[in-house]
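Work through the exercises below with the model open. Each task is followed by a stepwise solution.

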Amino acid sequence: PIPSADGTIEKPTTQTLIEAPQQRLLSVQRVTDQSTEVLQYLGERGIQPGATLSIDRVDPFDGPIWIKLDDQELVLSRTLAHRVLVDQPNARTRKA
């Protein structure tokens, strides 16, 4: 990363979908899995870089994660949620 004029280096705020805050607007940055099946599965549901979504709830005891994407509610396993990297559009970088 290139430092700003005052010498600070900004770090990206990307996190996995399972670590992201609930009820906030999130932007998908990338999917870390390279499996064609996983990418196709997520892509068919609209979960791809550039998509905007929010976490509705996370069920306890290793249960699934419920997300809202456009006008649809989707359910993802925690395994898949760990493979989707997101950030909050209004907090793209933070100072190191």
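**Exercise 1.** Find the residue that stands opposite Ser 27 in strand 4.

*Solution.* Start from Ser 27, which is found in strand 3. Strands here are DSSP runs (E, at least two residues), and helices are DSSP runs too (H or I, at least four), numbered from the N terminus. Opposite Ser 27 stands Thr 52 of strand 4. Next, check the pairing: strands 3 and 4 run antiparallel, joined by 2 bridges. Two strands pair if DSSP finds at least two bridges between them.

The model is predicted: local features need pLDDT of at least 70, side-chain atom pairs count only at pLDDT 80 or more, and totals for chains, interfaces and linings use all residues. Residues are numbered from 1 along each chain as its sequence is written, and side-chain values use heavy atoms, with hydrogens and water left out.

**Exercise 2.** Is Ser 27 buried or exposed?

*Solution.* Take its relative accessibility: 7%. Ser 27 therefore counts as buried (under 20% relative accessible area; exposed is over 50%, partly exposed in between; 1.4 Å probe, protein chains only).

**Exercise 3.** Trace strand 4 onward to strand 5.

*Solution.* Ile 55 has Ile 67 of strand 5 as its bridge partner. Then inspect the hairpin: 6 residues lie between the strands, and Phe 61 takes a positive phi near 60°.

**Exercise 4.** Which residues does Leu 42 contact, leaving aside neighbours within four places in sequence?

*Solution.* Apply the contact cut-off, heavy atoms within 4.5 Å. Leu 42 then touches Val 31, Ile 47, Leu 76, Leu 80 and Val 84.
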